[in-house]
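Visitor: Please show me the structure, and then let us go through its architecture together.

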Amino acid sequence: MSTRTFGTRVKRNIDPKFLRGEGSYVDDIDLPGALHATFVRSPFARAKINKIDVQDALNMEGVMAVYTCDNIGNLDIELPLLIPHDCMKDARTQRPLARDDVYYVGQTVAMVVAINRYVAEDAALLIDVDYEPLPVEVDLEKAVQDSAPLVHPTHPNNIAADLVQVSGDPDAAILKADHVTKIRVEVERSTAASMETRSVAARYDRVSGELTVWDGTQAPLTVRGGLASIFEMDEDKVRVIAPDVGGGFGQKVMFPYPDELLVPMAAMELGYPVKYIEDRRENFIGSNQERKQIHDIELYATKEGEVLALKDFFLHDTGAFIPYGIAIAQVASTSIAGPYKIPNIHVHFQAVYTPTITITPYRGCGRPQACFAIERAMDQLADELGISRFEIRRKNLITDDQFPYAREGLMFADGLRVSMDSGQYIRALDMIEEKIGAKDFPKMQEQARNEGKHLGLGLAFYVEGTGLGPYEGGHIKIHPITGKVYVNTGLSGQGQGHDTVFAQIVADQLGVKVEDVILTEGDSGAFDWGVATFASRAAVVSGNAIHKTAKIVRKKTIVAAANMLEVGEDEVELRDGHAWVVNSNRCVSLAAVATATNPLRYAFNEAAKAATQFAPASKHDGPALDEGQSPGLEATDYYSPSCATWAYGVHAAIVEVDDVTCSAKIVKYVLIHDCGNMINPTIVEGQVMGGLAQGIAGTLYEKIEIDEDGNIANANFVDFLVPYATEIPPVEIYHLETPSPLNPLGVKGVGEAGCIAVGATIASGLADALEKFNKPKFLSLPITPSMIFDVISDEVKN
Amino acid sequence: MKTVKKLTPSKSTDPTRKISLTVNGEAVEREVSVRMLLSDFIRHELGLTGTHVGCEHGICGACTIMVNGESSRSCAILAVQADGMDLRTIESVADKDGCLHPIQQAFQDSHALQCGYCTPGMIMNILSEFESNSKIDTSDEGIRELLSGNLCRCTGYANIVEAVRVAAERMGKS
Amino acid sequence: MKPPVFDYLTPSSLTEATKAVNEIPGAMIIAGGQSLIPALNFKLAWPSALIDIRNIPDLDKIQINDDEIAVGARVRHCDVEKDQRIGKLHPIIHKAMAYVAHSPIRNRGTVVGSICHADAAAEMPLILVLTDGYVTATSVDGNRTIAAHDFFKFHMTTTRHDNEIIQSAHFPLPNSMGGYSFQEFARRSGDYAIAAIACLMTLDNSGKVEEVKIAGCGISQRPIRLNNVEQIVIGSNLTENDLSQAMEALGESVTSPDDIHATNKYRKHLAKKLLSKSLIEAKERAQKRKLS
């Protein structure tokens, strides 16, 4: 395969449009006559609904309709359980509009559709809901106690799922251990907070019977399938388009949010387009969150520091419902041993219902929590054994010759046992040790201490299972008139630069300019086989599908061109948008080849005229199109990964604690990551840096504050602290490229890489910086100045 | 119980006001609801959807435009308050033939945008700083200070910082 | 997050405006709107009418008098920020201004507006209290001045009567030979202060503290003068011991309860450290001024 643009820092095709403000996000799409929706949401975490009175709202000028559970027909159901699993009994999912009960503050109770959002909000305030509040327990640990009020009467101790996974023989291994390290870690809730909130618009064409839905989703094909099934419409009458989407980060992969069903329903019923543009407050209380877990992790090791066994028990807060199944907990549990050999693992989790917003994936999807647990434990083990944090890792990392390294008994999100396919873990560790200046650091630290400054070095390793199936597809067509190449795939983008990355793959096969490859993704009308964008899979799965497809088109093009140029196939090369006879000036444009391979075409332009100078592209005896041959230069193919492909990396940081403000300053941050072959290093770095910023946010700034009544106390950007540029440090990013042996392009996913290890890295650095203050461990995230003060002030007291 | 009205939508009963202003050099006269936010006015009344809405409480900066040459949050201004003012939005920044402004070009060259949602507000903020200062502090700290007030969730800011530095250099402002 | 319905008035004189605010129950004044409009968007404010002072003449003036700086109700933060006279005569105002939100907000929001909004962690109310400033209020019942320490009651609550319009804010000038310091910590750039300490100081000929004004915000329900700390500092050389005692005295004034951004203990610590920094910096500046 030619590698002209693969691996190069091609600029993005899509940028000029965005830079000029010409993006088309859902709310930018002009739907004349559109009505606007808003929701009445529960102010109680848990309550019975006795009555809903909508009359005043209905009477308001400008209000078109008001919906409750009583007038939404067959949408009054418990929404689908997207990912079933045996360890969940009777999984609870919510209704689009609450019936009889509400289960979290923010849950949708009624929908108002009006001439504009202002009026809709006015009307929503007039809807009188008679609630009877019930007792609640929002604390995760207390929620599983016998005394805790139940979120769902069907689930004792609020346990939604309970799963034990065992790899190897931990019981036997534990007996051989000299030492055990036990810690408890806790990670708090956060939210994706993409700059564009969620949004959905729908229009129903009564003439054609076609429903069109624009949805700022990461899963347009899933949405299409779901809508067709729920509304009992033929799939070809439902078109879902994910237009430009302003960030997703997992929050937008969940389907269906109530609005994704109710807005199309209203559009069909009312005969007008309907838009629901979530506002920021609604995003905080109505769109799903993630991260809350409490781990009790134990490492059983020899006194030399070889970890023989790991035991982990964790509680996973799943919120009031569990539509996404155990995915997050599953990913966390199967990532718990990180990059280490640890051949014996016992990991047990309980997913717990709390009367809070539903939990579904946010970038990292459980990996940050697992990484925090294992990495803090490794630091603690190192400290207890008197071994350096680098050495403890060196002793335990999977070595190059051990790949593929399987963990029997741990089932990853791909439904298969964990199998880490490739990597150079030791080399990454060596590199980071050098890049962060670990050897010189003790001197630097000593000097700082003498000046009364607190400086620390932290590090953490992570692994990331990526590129999940089941599959994605690619469709490529070379256009006969322009010679431009049109590419489709089923998943969609939210800023990852698919239009450029996939174009590079195609450009390399077909010898065209990247700018002449035009991607349309995320539109079921353009291509409707596929899954969605999540779990760092687009480059691996769609990328390889498009690659395979491009090879087919390349072959067709070469065969056709060879016929036209009357040479052998091996004498034809593709470059600069033409097919050339090797070592000659004879060529024919791709447009001409495309034209010639469609035998019905007349010579209606120059390219077509050129095509008629040659013998027809197909053989001449018999029909113009052979049996089994298609006209044109077009192909569709699919890639279905055999299993996940595991990326990894290591982070290190030098942190300083300011005595006055007790805030953590990151003096230097270095990371090494390995996502296999990189199609476009600039885009990869962008993904890593973006993930890293969210990692820092979750480590030092962000926490969804839920009070004891279940209200989110900081449901706004004033009090929920998404960092500005001033809060994110510069970062040095280094690449290792260990190709994945599992797919033709040798790529691994990288979308979530940046955020996974940040918490552990900074906690490790702070523990080091403040060691003399009674060896604080920093075992919970986020780490606030108040918490750092508590550590420093204890020393002052003593 | 029947709870759906079968009416064609009626107009809102909000009090309204006539306003005249200039938007990207063009004179505009409209009658607007007095509570309409300037962000909604620009996007929906005028169809200039390049200005985006991220929070409606003045923190994220996605809605930043220029009012009388000064950066402002359009979500924290009522349309009626813009009466008599001169507005500039992202649509005015590139040339009429679409040729990118040096700041926009620097953004592309530095991969300073991913989803593109925060980008117009980010650029309007940078542009207003560039237009009101002959020299820009292009240290890492100085640029981050200039950018604070605009949230980005995709890029982690590193490339945006680089884009500002590159733009300042190219425009002779560093 | 859209505003509720309200009427909108643009009176062309103060008389018209005061009449309107007197006659319309639930009317609110709007100038820059940078605090009010977000509040409207969250539906935390429900004015029956907004009285926009945009057309009232003379409210946009910054007046430098012999003994004070007078800032009219329509003067924006950025106007004060760019006024070089203020930079020379009352530099602490500029220092504080750098912490007020971000420039797009400062381009619209007004100093008087911020003072009337009276967030307990805001910078302009703090400076008004620090300088023994005052506001002038006008209504159909007449005019009055309200001293800063009488104006701020609690977080977001002032003693302005419902029918009064605050016309101007007045910042008495500091001693031209004095030093000053403004110290603040916020979690993110532009956020409201977790704590801020501001200080104006003059030294006598022997280098001891002659006069001092110290105030803090973010530490209590309203911005406060720290009289008990001032008493310790006056007449001292600001030795380690003096600073220690001053910090100790400050502790009693930090009454903000634990909240999601800071514990009370941490805030006390922070305020004390900021106090120490501010006293040292103010003294250094005072010394430099004496020398030059």
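Visitor: How many bridges join S11(C) to strand S12 (residues 195-203) of chain C?

Guide: This is a predicted model, in which local features need pLDDT of at least 70, side-chain atom pairs count only at pLDDT 80 or more, and totals for chains, interfaces and linings use all residues. Residues are numbered from 1 along each chain as its sequence is written, while chains are lettered from A and ligands numbered from 1 in the order in which they are written. Strands (E, at least two residues) and helices (H or I, at least four) are DSSP runs numbered from the N terminus, and two strands pair if DSSP finds at least two bridges between them. S11(C) and S12(C) run antiparallel, and the number of bridges joining them is seven.

Visitor: Which residue of S12(C) does Phe185(C) stand opposite, and which strands stand at the edges of the sheet?

Guide: The residue opposite Phe185(C) is Ala195(C). The open sheet has four strands in the order S11-S12-S13-S14 (chain C), with antiparallel pairing. Two of these have a single partner strand each, so one side of each is left without a neighbour in the sheet: S11 (179-185) and S14 (224-225) of chain C.

Visitor: What radius of gyration does chain C have?

Guide: Chain C contains twelve helices and 14 strands, and its C-alpha atoms fill a box of roughly 60 × 45 × 35 Å along the principal axes. The radius of gyration is taken over C-alpha atoms, and the globule rule is 2.2 Å times the number of residues to the power 0.38. For 292 residues a compact globule would have a value near 19 Å, and chain C agrees, with 19 Å.

Visitor: Which helix gives the most to the side of domain 1 of chain C that touches domain 2 of chain C?

Guide: An automatic or database domain assignment divides chain C into domain 1 (7-52), domain 2 (62-172) and domain 3 (179-291). Twelve residues of domain 1 of chain C are in contact (C-beta atoms, placed from the backbone, within 7 Å) with 16 residues of domain 2 of chain C. With six residues, the element that gives the most to the domain 1 side is helix H1 (residues 14-23) of chain C.

Visitor: Which strand gives the most to the side of chain B that touches chain C?

Guide: Across this interface, 22 residues of chain B are in contact with 23 residues of chain C. The leading contributor on the side of chain B, with four residues, is strand S4 (residues 70-73) of chain B.

Visitor: Which residue of S6(A) does Asp53(A) stand opposite?

Guide: Strand S2 (residues 47-53) of chain A pairs with strand S6 (residues 128-133) of chain A in the antiparallel sense over six bridges. S2(A) also pairs in the antiparallel sense with strand S4 (residues 101-102) of chain A, over two bridges. In S6(A), the residue opposite Asp53(A) is Asp128(A).

Key:
Two residues are in contact if their C-beta atoms, placed from the backbone, lie within 7 Å.
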